[in-house]
Amino acid sequence: MNSKREQLKIVKPKFIKEIDSICTEISVINDEDVFEDVYVSNSIIENQAADRVCFEGVIFKNVDFINIKLNALELTDVRFENCDLSNIDFSRSIIHRVEFINCKLMGINLSEAILQNTIIKQCNGKFAILSFAQMKKVIIKESIFENSNFQNSKFTKVEFSDCSFKMSQMSGTSLSGIDLSNSNVEGLGVRPEDIKGAIVSPMQAVDFAKMLGLVIKS
C-alpha cells in the first residue's frame, strides 16, 4: 500500500497572455473600484483606504504597499511576487486563485478573510493576523509565520510544508488531518481538542504529550 499522502491540488490564477506587456500604475484607490487584467511592477502604492475594492487578473511584481487599508477586498486571479505587504489591512477579504510568492507579509491583517485556492510560498508572515479566517485548499510552504494568530479559524484541505509557526496561536482551530510533521511548531498555542487528529513527528508528539500533562518515561 502506498502511504504517501496525495498532494493538494490548487487551481492557479488565470491571466490573459499579454498581461505583462504593459505596466500600469495605481495611484488612487476609491471605494468599489475594479482593477482588471493589469500588470503593476516596480512601484509603491501608499496611503490608500477603501472598501469593497476588486482586483481581478492582476499581477503585482516588486510592489511595496505602505499604509494600505482595503476592507472587504476581493482578489481573484492575482499574483503578488517579491512584494512588501507588511502591516496592511486586508481584513474580511475574499481571496480566490491567488499566489503570494517571496513576499513580506509581516503583520498583515487577514482576519475574517476567506482564502481559497491560494498558495503562499517563501514568504515572511511573522506577526500575521488570520484569526477567524476560512481557509480552503490553501498551501503554505517554505514560509515563516512565527508569532502569528490563526485563532478560531477553519482549515479545509490546508497543507503546510517546511514552515515555522513558532510561538503562534491556533487555539480554537481544528488541526485534524493537518500535517505539521516537517514544520516548526515550537511553542504553538493550541488546546488539546485542537490537535486531535493532527499529523506530527515523533518529537512533536512528545512535546504535545507534555502539554496534555503526560509524563514521558524514558
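**Terms and their grounds**

Asn 30 is found in the segment before strand E1 (34-36). The model is a predicted one.

Q: Why is Asn 30 called partly exposed?
A: The relative accessible area of Asn 30 is 44%. Buried means under 20% and exposed means over 50%, with partly exposed in between. Asn 30 is therefore classed as partly exposed.

Q: Which residues does Asn 30 touch, not counting residues up to four places away in sequence?
A: Asn 30 touches Ala 50 and Val 53; the criterion is heavy atoms within 4.5 Å.

Q: How far apart are Asn 30 and Leu 85 in sequence and in space?
A: They are separated by 55 residues in sequence, and their C-alpha atoms are 19 Å apart.

Q: What makes strands E3 and E4 a pair?
A: Pairing requires at least two bridges found by DSSP. Seven bridges join E3 (residues 54-71) to E4 (residues 74-81), so the two strands pair. They run parallel, and the bridge partner of Lys 61 in E4 is Glu 81.

Q: How do you know that E4 and E5 pair?
A: The criterion of at least two bridges applies here to E4 and strand E5 (residues 94-101), which pair in the parallel sense over seven bridges. Arg 79 stands opposite Glu 99 in E5.

Q: How many aromatic pairs does a search of the whole structure find?
A: The search finds 12 aromatic pairs.

Q: Why is the pair of Phe 60 and Phe 80 called stacked?
A: The ring centres are 5.0 Å apart and the planes are at 10°. Centres within 6.5 Å make a pair, and planes under 30 degrees apart count as stacked. The pair of Phe 60 and Phe 80 is therefore stacked. Phe 60 lies in strand E3 and Phe 80 in strand E4, 20 residues apart. Both Phe 60 and Phe 80 are buried.

Q: What makes Phe 80 and Phe 100 a stacked pair?
A: Their centres are 5.0 Å apart, with 5° between the planes, so the angle falls under the limit of 30 degrees for stacking. Because Phe 80 lies in strand E4 and Phe 100 in strand E5, the pair ties together parts that are 20 residues apart in sequence. Both Phe 80 and Phe 100 are buried.

Q: Which residues do ring pairs link into a cluster?
A: The cluster consists of Phe 35, Phe 55, Phe 60, Phe 65, Phe 80 and Phe 100.

Methods. Residues numbered from 1 in each chain as written. Predicted model: local features only at pLDDT ≥ 70, side-chain atom pairs only at ≥ 80, totals over all residues. Heavy atoms only, no water. Helix = DSSP H or I, 4+ residues; strand = E, 2+ residues; numbered from the N terminus. Buried < 20%, exposed > 50% of the residue type's maximum accessible area, 1.4 Å probe, protein only. Phe/Tyr/Trp six-rings, centres within 6.5 Å; stacked < 30°, edge-to-face > 60°.
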